[in-house]
Amino acid sequence: RDTGSDLTTPPPPPPPPEPSSAAGAEAVRQAEREGLALVTSSSSSTGYRGVTHCPKRKGSKKYVLVVKVGGKMATLGYFATAEQAALFYARREAGRDTSDLTAPPPPPPPPAPSSAAGAEAVR
C-alpha cells in the first residue's frame, strides 16, 4: 500500500542560520570560496553540527567544536563564532588542512589542455 511518502529518503538539512557577526559572515564567504558547505543541524542550538555555544566561557572564543573520534568525543577547538567552528568542521570532513583557519583555499587544479593545444604541444 502506497502512503505517498518515501520513508527511506532522509529529510533535507535545515537551512544555515544567519551569520552571528561580521567575522561569522566572513567564515561563510570563505566556505563558499573553498567550495565547502557548512553542515547544519536542527538539534544544535547554534544551527551547525558539533558546534555548541558556551556563554560562561571566559575570553572571546565562546563556541566549541566537539566530534566523535574513534568512538569517543573529542574537542577540536574553541572559536569566536559558530560559523568559524562550522568552517573548521567542513574543512576536516573534506580532508583539508585544519591547522590554520585563515589559510587560503588550495589552488585550483590546472586546466585540462584542449585537443588543439595538446596537438600543438606534441609537434
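Are F79 and F88 buried or exposed? In this predicted model, F79 is buried, and F88 is buried as well.

The chain contains three helices and three strands. Along the sequence, these elements follow the pattern α-β-β-β-α-α. The chain has 123 residues, and 25% of them count as buried. Its accessible surface comes to about 8,600 Å². Carbon and sulfur atoms account for 57% of that surface. Contacts were also sorted by separation along the sequence. Among contacts between residues at least 6 apart in sequence, 39% join residues at least 24 apart.

The three strands make up an open sheet. Their order is β1-β2-β3, and the pairing is antiparallel. The edge strands are β1, residues 51-53, and β3, residues 72-79. Each of these edge strands pairs on one side only. From one strand to the next, the twist averages 30°. Helix α2, residues 82-93, packs on this sheet. The helix touches β1, β2 and β3. Its direction makes about 25° with that of β2.

Strand β2 covers residues 63-69. Three bridges join β1 to β2, and the two strands run antiparallel. In this pairing, T52 stands opposite V64 in β2. On the other pairing, seven bridges join β2 to β3. These two strands also run antiparallel. V64 takes part here too, standing opposite Y78 in β3. V66 has T75 as its bridge partner in β3. In a regular strand, side chains alternate between the two faces of the sheet.

How many residues lie between β2 and β3 in their hairpin? There are two residues between the strands.

The aromatic residues come next. A search of the whole structure finds one aromatic pair. The rings of F79 and F88 have their centres 5.4 Å apart. Their planes lie at 50°, so the pair is tilted. The tilted class applies because planes under 30 degrees apart count as stacked and those over 60 as edge-to-face. Another ring, that of Y78, has a charged neighbour. R57 lies over the face of Y78, at 3.6 Å from the ring centre. Y78 is also the residue in β3 that V64 stands opposite.

Where does S42 lie? S42 is in the loop between α1, residues 22-33, and β1. Why does S42 count as exposed? Its relative accessible area is 69%, and S42 is therefore above the cut-off, since exposed means over 50%. S42 can also be placed relative to P16. The two residues are 26 residues apart in sequence. In space, they are 9.6 Å apart, C-alpha to C-alpha.

Technical notes:
Residues are numbered from 1 along each chain as its sequence is written. This is a predicted model: local features need pLDDT of at least 70, side-chain atom pairs count only at pLDDT 80 or more; totals for chains, interfaces and linings use all residues. Side-chain values use heavy atoms; hydrogens and water are left out. Two strands pair if DSSP finds at least two bridges between them. Helices (H or I, at least four residues) and strands (E, at least two) are DSSP runs, numbered from the N terminus. Axes are lines fitted to C-alpha atoms, for helices over the stretch in contact, and angles run from 0 to 180 degrees between N-to-C directions. Contact means heavy atoms within 4.5 Å. Rings of Phe, Tyr and Trp (its six-membered ring) pair if their centres lie within 6.5 Å; planes under 30 degrees apart count as stacked, over 60 as edge-to-face and the rest as tilted. Buried means under 20% relative accessible area, exposed over 50%, partly exposed in between (1.4 Å probe, protein chains only). A charge sits over a ring if NZ of Lys or CZ of Arg is within 6 Å of the ring centre and within 35 degrees of the ring normal. Accessible areas come from the Shrake-Rupley method with a 1.4 Å probe; for residues, only the protein chains shown count as cover.
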